[in-house]
Every structure is written in structure tokens, then in C-alpha cells.
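Okay, thanks for coming, everyone. Take a moment with the picture, and then I'll talk you through some charged pairs.

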Amino acid sequence: MGTGHFFWVIFYFASLCSASLANNAKINFREKEKKVLDQILGAGKYDARIRPSGINGTENLPTYVYVNMFLRSISKIDDYKMEYSVQLTFREQWTDERLKFDDIQGRLKYLTLTEANRVWMPDLFFSNEKEGHFHNIIMPNVYIRIFPNGSVLYSIRISLTLACPMNLKLYPLDRQICSLRMASYGWTTNDLVFLWKEGDPVQVVKNLHLPRFTLEKFLTDYCNSKTNTGEYSCLKVDLLFKREFSYYLIQIYIPCCMLVIVSWVSFWLDQGAVPARVSLGVTTLLTMATQTSGINASLPPVSYTKAIDVWTGVCLTFVFGALLEFALVNYASRSGSNKANMHKENMKKKRRDLEQASIDAASDLLDTDSNATFAMKPLVRHPGDPLALEKLRQCEVHMQAPKRPNCCKTWLSKFPTRSKRIDVISRITFPLVFALFNLVYWSTYLFREEEDETF
């Protein structure tokens, strides 16, 4: 057997021995970990029903529990039910002096448990929770870590549906503050106090996407409550959501403006086109009413007026006003035609009376004596006639002080009928009033949006 071959045999046996020793060391280490668990959590050695002592083992001080969380997702914000759903990793950390153990010269960093009932747990609950569940796929998403100094870390992944009372006065130009409240159910502040973990108590996943909202910022605070049974520790997170306006601009505001403008087409149609103008007015009115009912169906019935109610109400009024304008035009057209017919009849009657009078006068002249003399009044007055001088003086006065022409009356006089004048005035009045309403509406609600932001 050569020297090289012998060397490789020795190396192989040395490798086997080292692997065997490493496996034995791991087995021994796991055995030691099991012994530590049995030592601190064995039967008759630890009672999970008893609250841990306070700082430095002081019995008359409360147990301090430090809380932090990681917001994984916010799935929906429901305006109608006034609630929102969130998935988060929730963590609590406290110190239990009874769980101290030897870390085997730094080799045993912590012990891991998956059964929460093995150790004492804070009785925390979410006070504004509607629904909630744990995640158990593939295994329950929960763990407990026990550190050598007796510190306990509890982490769990949960999904919650939480109540979020909303103020919809500025909808859809609003911001909403939704809270997540956590409190102790049975332990008072004399026994248990919740505190936010220093540093970064609330973390949010990057690129958080919400369909119609944007999470602008969040704030942690305390909300301790006093009842007949004592004072209870409480923590809360306020989440400020800003509603994305672009969706509502495209789906609500622009279509409503288009419907109002389409209703003005009636002013440019001939007053005799009754079917066209009536069908246009009724169609736009029904479409606007359907749009309004669809908007209200997605919102809760509240007792106050929302910004969207003002918009849809005014747009509906403009469309209805365009329909009433045609009714007024039609009435003016019919009354004008009746007056014209009556005027024609009166002119014809006067003409007939004049003709009859002239015939009667001619017959009377023939019956009178031809030698009779008549005192004829001159048809043309002489320049010295005082009546002629008075008329000339009046004419000079009128020529010297001419009346100032009225631009509006001069312009309206180009349109002979009253119905046409109503259409022309409506073509100008309706767009001007609607533009003025838009100016007031947007300046009021956009300014109030900044003013009402109290966070």
C-alpha cells in the first residue's frame, strides 16, 4: 500500500469521526435545550395563571408589556359599512423573572414555543374589532421566544375587520382617520400596563396599495379608559387615509358636467321642434337622476349634506331648469302667435270700417246741393300759425336731447318674438351661472379640505 493511499484512508476516518462528534454535540445540545424547557416549564414549576412580577421582581408594580406591529396589508375601506380590513403581524414583549435560564455560554440564544398556553399571556383585545381570525396555513402563524434573561416575545399574524366611524361631509374630497385600539380586558393599570416599543413601534409594508385611498401618515398614542371597575391600559394607532379624487373626477364630476351641457343643446334647437326638445330634456333629466341614485347607493344614509350631494343636486336643478325653459318658450310662442292673429284681425276690421266710411261720405256729397258753400279749413298752416310754431319747437327740443340707446334692448330687438328672446337669454345665462357655481363649489370645498385636516 502506497503512502498516498494510506494518507487518504486516514483522512477519511478522521472526517467520519469529526462528523460523528458534531452530531453527538448537536444531540447533546438539543438534549440540553429540552432539559432547560423542562426545568423552567416543568410540571409544578411554572403556573401560567399567575401574573409576572414588576420591574426587578417588585410585586407591587405592574407588569409592563411593550407592543409593536407590522402592517402587512389593508385590503379594503368600506364607506357604506364604515369599516376597514387589515392584516398585521402583532408582537408583545414582557419580562417574566420565572423564565430565566442558563444560556450555555451564549450558545442558547432563546427557546421557541408554539403553544401560547404554556406561559402567562397579557389579556389584550382589539376594542373596535368587528371580525378577526388567525392564520393556520400550513402551521399556525404564531411563536413565543423565551430569552435567557426571562424576556418573552410573542408574535402572531392576524387579520382584522375594524370599525372606522367616518365623517362624509366633504366626500369625495375628504380625509378619514381610522383607528386601531388595543386594551387590557381584565387587568387594571395597577397590574398591567401596555407601552409602545421605543424606536419604531408601527411599521408599514413598502408599496402599500389601496384602490381608492392613500395612507398619508399614522400616529401612535395612548387611550386609557376609566370604568366602574377601574382604569385599563389602552394603545391606539391612528391611520390617516386620503381619498383619491381622480376616480371620482372621471366617474362622477365629468359625466355630470357633460349631462348639464347636453341639456343646453335644447336652447339652440328651433322652438317648433317640440319632440326633439322634449325628448332631449327628459332623457338628460332621467340620466342625471339615475347617476344620483347610483352614487347614493354606495354611501350610507347620513343626516347631513355631503359635498357630492351639493354637486348632484345643483346639476339636477340645471337639467330640470333647461326642461322648464322649453315649457316657457312654448307658452310664449303660442301666446305670441295668438296675439299676432288677433292683431291681424283688428287691422282687417279697421280697414273694412275705413272703406265703409269713405263710401258713406261719398254718397253724402252727392246728395247735397251743388251750389252750397263750405268753409274749408286750410290743409297747410301758414308759418305764422301758433300751433305750427309749437310743433316746430317740440321737434327742436327732441332733436337737441336725443335718448341714449339701450344696448341690451337694441340687441334683443333683433329677435322679433318673445320665445326667441328667452332662448337667446338662456344660452348666456345658464353657462354663466353654472360657471359661477363651479367657482364657488371648488373654492369652498378645496379650501375647507385643508382647513378641516386635524390630525
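**Salt bridges**

Let's begin with Asp-47, which is partly exposed at a relative accessible area of 24%. Quick note on words: buried means under 20% relative accessible area, exposed means over 50%, and partly exposed is in between, using a 1.4 Å probe and protein chains only.

Before I go on, this is a predicted model, so local features need pLDDT of at least 70 and side-chain atom pairs count only at pLDDT 80 or more, while totals for chains, interfaces and linings use all residues. Residues are numbered from 1 along each chain as its sequence is written, and side-chain values use heavy atoms, with hydrogens and water left out.

So, which residue does Asp-47 meet in a salt bridge? That's Arg-49, at 2.9 Å from N to O. By salt bridge I mean a side-chain nitrogen of Lys or Arg within 4 Å of a carboxyl oxygen of Asp or Glu. Arg-49 is exposed, at 71% relative accessibility.

Next up, Lys-100 pairs with Glu-97, and their closest N and O atoms are 2.9 Å apart. Lys-100 is partly exposed at 46%, and Glu-97 is partly exposed at 29%.

Then there's Glu-216 with Arg-175, a salt bridge of 3.1 Å, N to O. Glu-216 sits in strand E11 (residues 213-222) and Arg-175 in strand E8 (residues 175-184), so this pair ties together parts 41 residues apart in sequence. Strands here are DSSP runs of at least two residues, marked E and numbered from the N terminus.

Salt bridges with shared partners also link Asp-79, Asp-174 and Arg-243 into one network. Searching the whole structure gives 14 salt bridges.

Definitions and conventions
Helix = DSSP H or I, 4+ residues; strand = E, 2+ residues; numbered from the N terminus.
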